[in-house]
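This briefing goes through a protein structure topic by topic. Please look at the sequence and the model below before reading on.

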Amino acid sequence: VFREQIAVFHDQLNRLREIEIENNRLKELLKFQESVPYTMVTGRVVGKSDNSWSRTLILNAGSRSGVAKGMAVVRPEGVVGKVLSVSPHYSLVQLLIDGNSAIPGLVQRTRAQGIVEGKITNLCRIKYLDRLADVRMGDLVLSSGLGGVYPKGLVIGTVTSVQKKSYGLFQDVLVSPAVDFSRLEEAFVVKDSRLPDDDQPFKSVQE
């Protein structure tokens with residue numbers, strides 16, 4: 001009987017810990033939602049597809065909540081992806097690391113611009129980045145606001161590799177996304193936005 005009581009106690013303790021963790025996470029998400037100049041819809045991740053051909057997830061927010069195809073999906077850390085399709089109650093989201101994902105981006109420090117594309121690995125590459133552009137490991141990469149999908153100033157990730165060849169027009173740059181896609185539980189769909197007054201990224205509420 002004593003062992004059973006101990007087991008029940010541990011189960012209750014674990015439940016309380018999980019509730020506390022979830023409450024803290026939701027508080028941080030609420031702070032983020034209130035701090036940005038967007039109207040956003042919150043969605044919980046209810047499904048994922050992670051293979052060599054596609055990187056997608058499903059949110060439990062759809063057209064009934066105002067979500068539409070092409071809308072940006074974000075988190076406090078940065079860019080998640082964009083909505084590919086919607087049903088009344090769900091939306092399919094193409095992740096930043098999907099091989100078909102393409103986001104106009106810029107290097108914060110030097111304003112060098114290119115297109116951030118997904119890779120088979122959990123990384124991105126910047127295409128069409130001028131070979132002479134000043135880009136270094138550790139540089140922060142932001143959404144440029146071009147293309148009309150992603151608001152300007154969202155964090156995409158950090159440069160982890162730079163290869164400048166002695167020929168060609170462009171350099172090879174790899175970017176590590178700011179968002180940890182393996183741990184996603186909630187995300188925000190941006191319904192409408194206005195451009196920020198400056199070129200600084202919106203800060204994570206955890207900073």
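Is Arg 75 buried or exposed? Arg 75 is buried, with a relative accessible area of 11%; buried means under 20% relative accessible area, exposed over 50%, and partly exposed in between, with a 1.4 Å probe and protein chains only. This is a predicted model, in which local features need pLDDT of at least 70 and side-chain atom pairs count only at pLDDT 80 or more, while totals for chains, interfaces and linings use all residues. Residues are numbered from 1 along each chain as its sequence is written, and side-chain values use heavy atoms, with hydrogens and water left out. Helices (H or I, at least four residues) and strands (E, at least two) are DSSP runs, numbered from the N terminus.

- E3 runs antiparallel to strand E4 (residues 78–86), and four bridges join them; two strands pair if DSSP finds at least two bridges between them.
- Within this pairing, Val 73 stands opposite Gly 81 in E4.
- Two residues lie between E3 and E4, which form a hairpin.

**Salt bridges**

- The structure has six salt bridges, each being a side-chain nitrogen of Lys or Arg within 4 Å of a carboxyl oxygen of Asp or Glu.
- One of them joins Arg 75 to Glu 77, with the closest N and O atoms 3.1 Å apart.
- Glu 77 counts as partly exposed, at 25% relative accessibility.
- Another salt bridge is formed by Glu 186 and Arg 44, whose closest N and O atoms are 3.3 Å apart.
- This pair links distant parts of the chain, 142 residues apart: Glu 186 is in strand E12 (residues 186–193) and Arg 44 is in strand E1 (residues 38–50).
- Glu 186 is buried at a relative accessible area of 3%, whereas Arg 44 is partly exposed at 34% relative accessibility.
- Arg 109 and Asp 139 also form a salt bridge, their closest N and O atoms being 2.8 Å apart.
- Arg 109 lies in the loop between strand E6 (102–107) and strand E7 (113–118), and Asp 139 lies in the loop between strand E8 (124–127) and strand E9 (140–143), so the pair ties together parts that are 30 residues apart in sequence.
- Arg 109 is partly exposed, with a relative accessible area of 38%, while Asp 139 is buried at 7% relative accessibility.

**The barrel and strand E8**

- Six strands form a closed barrel in the order E6-E7-E8-E11-E10-E9, with antiparallel pairing.
- From one strand to the next, the twist averages 40°; axes are lines fitted to C-alpha atoms, for helices over the stretch in contact, and angles run from 0 to 180 degrees between N-to-C directions.
- E7 and E8 run antiparallel and are joined by four bridges.
- They form a hairpin with five residues between them.
- Gly 118 has Cys 124 in E8 as its bridge partner, and Cys 124 in turn has Val 175 in E11 as a bridge partner.
- E8 and strand E11 (residues 172–177) run antiparallel, joined by three bridges.
- Arg 125 stands opposite Leu 174 in E11.
- The covered face of E8 has Cys 124 and Ile 126, and the uncovered face has Arg 125 and Lys 127.

**The aromatic pair**

- A search of the whole structure finds one aromatic pair; rings of Phe, Tyr and Trp (its six-membered ring) pair if their centres lie within 6.5 Å, and planes under 30 degrees apart count as stacked, over 60 as edge-to-face and the rest as tilted.
- The rings of Tyr 128 and Phe 170 have centres 5.7 Å apart and planes at 80°, so the pair is edge-to-face.
- Tyr 128 is in the loop between E8 and E9, and Phe 170 is in the loop between strand E10 (155–163) and E11, so the pair ties together parts that are 42 residues apart in sequence.
- Tyr 128 is partly exposed at 47% relative accessibility, and Phe 170 is partly exposed at 40%.
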